[in-house]
Amino acid sequence: MESRHQATEIPVPQANPEAAPDAPQAESVPLIFLSADETAGVCDPNGECY
Amino acid sequence: MTSDVFDRSADRLVVDVWSDVMCPFCYMGDALLAQALERFPHGSEVAVRYHSFLLMPDLPADRAIDLVELLSTERGFPREQAEAMNAQVAKRGKEIGLDYRFDRAVAVNTRTAHRLSHFAKQAGRQHEMIQRLFRAYFTDGLNVGDHATLADLAAEVGLDRDAALSALKSGAFDDDVEADLRHARKLGISGVPFFVFNGKYAVSGAQPVEAFLKALNTSFAETSTVH
């Protein structure tokens with residue numbers, strides 16, 4: 001199955017399990033999306049799922 | 001046992017998951033991630049943490065609405081289209097062992113249910129609680145906004161019913177829900193389920209097991225090189 005990697009500039013948490021078990025620390029790290037199936041389902045804040 | 005990796009402190013790999021109780025693909029994504037963890041050879045070194053997301057924050061908290069009715073009358077989907085969409089989700093869910101009964105589902109504001117998941121988190125049972133909430137909503141047709149119903153569900157997963165009911169009535173854990181929502185906004189999350197692996201890799205949606213395995217392997221390999 002073909003996959004694609006796509007970098008974005010969204011600030012994401014830098015997980016630091018020992019220091020913050022409940023809330024990852026936010027740092028500006030490019031988030032890399034791993035998508036393998038375009039038909040995979042998502043529901044959005046409007047309540048729509050596709 | 002996959003459930004061992006949920007609700008415990010992280011060792012080497014942390015998976016942060018944003019989801020909503022009323023999100024059909026979140027239920028699916030949770031099951032698919034669990035299946036991936038069953039196959040992941042380093043599952044004992046993974047911790048999964050659940051975060052709240054509200055798909056329909058404007059829904060009333062004190063009145064449950066037939067889901068198909070909601071989709072057709074308030075969201076503009078022709079009833080036939082809504083039922084067809086639900087049937088497709090149910091078919092895919094059945095393939096991975098989930099029993100969706102959309103004809104029973106009643107939509108309600110899920111903030112209270114999320115507060116309960118944070119209550120359960122304190123006892124290390126957040127994942128069991130979330131799984132029970134998914135089943136309550138999608139299979140049992142229960143009102144997951146009703147305090148007594150939620151307290152019953154808490155008891156089913158081994159939590160103290162009276163303590164759960166007291167927490168729900170007091171409004172406890174609303175700050176935790178808000179913190180999760182703020183965090184989601186900060187990340188730019190526009191849909192759920194949304195999975196972040198070690199704060200670097202993201203998987204959006206109910207992806208196949210292989211996608212979760214790839215994310216687990218990729219992030220774990222990087223973690224290994226750091227240590």
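Predicted model: local features only at pLDDT ≥ 70, side-chain atom pairs only at ≥ 80, totals over all residues.

The predictor assigns the complex an ipTM of 0.81 and a pTM of 0.85. For chain B the mean pLDDT is 92, with 93% of its residues at 70 or more.

Let us turn to helix α3 of chain B, residues 79-95. Its 17 residues reach 25 Å from the first C-alpha to the last, close to the 24 Å expected at 1.5 Å a residue. Which residues of α3(B) are buried? They are A82(B), N86(B), V89(B) and G93(B). Viewed down the axis of α3(B), these buried residues fall within an arc of 60 degrees, and therefore line one face of the helix. In general, an α-helix has 3.6 residues a turn, so residues three or four places apart point the same way. The buried residues of α3(B) pack against α1 (24-39) and α2 (67-74) of chain B. On the face turned away from the buried side, α3(B) carries exposed residues, among them E80(B), Q81(B), K91(B) and K94(B). After the helix comes G97(B), with a positive phi near 90 degrees.

I come now to strand β5 of chain B, residues 194-197. Both of its faces are covered: F194(B) and V196(B) are buried on one side, F195(B) and F197(B) on the other. β5(B) pairs with β1(B) in the antiparallel sense over four bridges, and four bridges also join β5(B) to β6(B), again antiparallel. V196(B) is the bridge partner of D16(B) and also of A202(B) in β6(B). Finally, the hairpin of β5(B) and β6(B) has three residues between the strands, and N198(B) there takes a positive phi near 50 degrees.

Terms used:
Residues numbered from 1 in each chain as written. Chains lettered and ligands numbered in written order. pLDDT = per-residue confidence, 0-100. Helix = DSSP H or I, 4+ residues; strand = E, 2+ residues; numbered from the N terminus. Expected span 1.5 Å × (residues − 1). Buried ≥ 20, exposed ≤ 12 C-beta atoms within 10 Å, placed from the backbone. Arc of directions from axis to C-beta. Contact = placed C-beta atoms within 7 Å. Pairing = 2+ DSSP bridges.
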